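Please examine the sequence and the structure shown below. The paragraphs that follow lead through the model step by step, from the whole chain to particular residues.

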Amino acid sequence: MARHVIAAVAELPPGTRKFLTIEERPIAVFNIKGEFFGLMNRCPHQGAALCEGPLIGLAQSSDPGEIEYTKLGEIIRCPWHGWEFDIRTGQSYCDPKRFRVKAYPVNVEPGSSVVKGPYVAETVAVSVESDYVVVDL
């Protein structure tokens, strides 16, 4: 699996998400309380852009009439039909045995390890002659 640098940590504060396409795959990266998670931005139900939906919590009940909201901001709801998925795992809460969204591992690494060199820049000679720009390859 290839690594892709997508942003500095400061560019993705807690509670935000970043949409990107990597190797023709629509992906969203979420910062949930300082932890980073990646999900395929496609709902397995009918192909909606899943990660454009609202971030919600999970309603749970241990007794009739009592509801507790947990996992606040950790569940994504599909904007088309309301299917819900756990951002951390991709697990579906509508039909967990049949549906799951592809989750991608996301790591935070020190800048020094990401930008290791040496880098060699390709240079191209450019000259201007009269009204034309000429590139020598």
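Among contacts in the protein chain between residues at least 6 apart in sequence, those that join residues at least 24 apart make up 35%. This is a predicted model, and the confidence of the prediction should be kept in mind. The mean pLDDT of the protein chain is 84, and 83% of its residues reach 70 or more. Over residues 133-137, however, pLDDT stays under 50; for this stretch the model has 11 contacts beyond four places in sequence.

The secondary structure comes next. The protein chain has one helix and nine strands. Their order along the sequence follows the pattern β-β-β-β-β-β-β-α-β-β. Of the 137 residues in the protein chain, 28% are buried. The accessible surface of the chain comes to about 9,500 Å², and carbon and sulfur atoms account for 53% of that surface.

How many salt bridges does the structure hold? There are six. One of them joins E23 and R25, with the closest N and O atoms 3.7 Å apart. In this pair, R25 is partly exposed, because its relative accessible area of 38% falls between the limits of 20% and 50%.

Another salt bridge is formed by E35 and R88, whose closest N and O atoms are 3.1 Å apart. Since E35 lies in strand β3 (residues 35-40) and R88 in the loop between β6 and β7, this pair ties together parts that are 53 residues apart in sequence. Both partners are partly exposed: E35 has a relative accessibility of 38%, and R88 has one of 29%.

R88 also meets the side chain of E74 in a salt bridge, at 2.9 Å from N to O. E74 belongs to strand β5, so this pair ties that strand to the loop between β6 and β7, across 14 residues in sequence. Is E74 buried or exposed? With 8% relative accessibility, E74 counts as buried, because buried means under 20% relative accessible area.

K33 is found in the loop between β2 (25-32) and β3, and at 59% relative accessibility K33 counts as exposed. The backbone angle phi of K33 is positive, at about 55 degrees, although K33 is not a glycine. Most residues other than glycine have a negative phi. K71, in strand β5, is another residue other than glycine with a positive phi, near 55 degrees. K71 is partly exposed, with 31% relative accessibility.

P14 is found in the segment before β1 (17-22). P14 and K33 are 19 residues apart in sequence, and their C-alpha atoms are 5.1 Å apart in space. Which residues does P14 contact, leaving aside its neighbours within four places in sequence? They are N31, K33 and G34. P14 itself counts as exposed, at 56% relative accessibility.

Aromatic rings provide another link. A pair of aromatic rings is described by the distance of the centres and the angle of the planes. The count for this structure comes to one aromatic pair. That pair consists of W83 and F99, which lie 4.9 Å apart from centre to centre, with 75 degrees between the planes. The arrangement is edge-to-face, because planes over 60 degrees apart count as such. The pair links distant parts of the chain, 16 residues apart: W83 is in the loop between β5 and β6 (84-86), and F99 is in the loop between β6 and β7 (103-104). W83 is buried at 16% relative accessibility, and F99 is likewise buried, with a relative accessible area of 16%.

L72 is found in strand β5 (residues 68-77). With a relative accessible area of 53%, L72 is exposed, because exposed means over 50%. Strand β5 therefore holds the exposed L72 as well as the buried E74.

Key:
Residues are numbered from 1 along each chain as its sequence is written. This is a predicted model: local features need pLDDT of at least 70, side-chain atom pairs count only at pLDDT 80 or more; totals for chains, interfaces and linings use all residues. Side-chain values use heavy atoms; hydrogens and water are left out. Helices (H or I, at least four residues) and strands (E, at least two) are DSSP runs, numbered from the N terminus. Buried means under 20% relative accessible area, exposed over 50%, partly exposed in between (1.4 Å probe, protein chains only). pLDDT is the predictor's confidence in each residue, from 0 to 100. Contact means heavy atoms within 4.5 Å. Rings of Phe, Tyr and Trp (its six-membered ring) pair if their centres lie within 6.5 Å; planes under 30 degrees apart count as stacked, over 60 as edge-to-face and the rest as tilted. A salt bridge is a side-chain nitrogen of Lys or Arg within 4 Å of a carboxyl oxygen of Asp or Glu. Accessible areas come from the Shrake-Rupley method with a 1.4 Å probe; for residues, only the protein chains shown count as cover.
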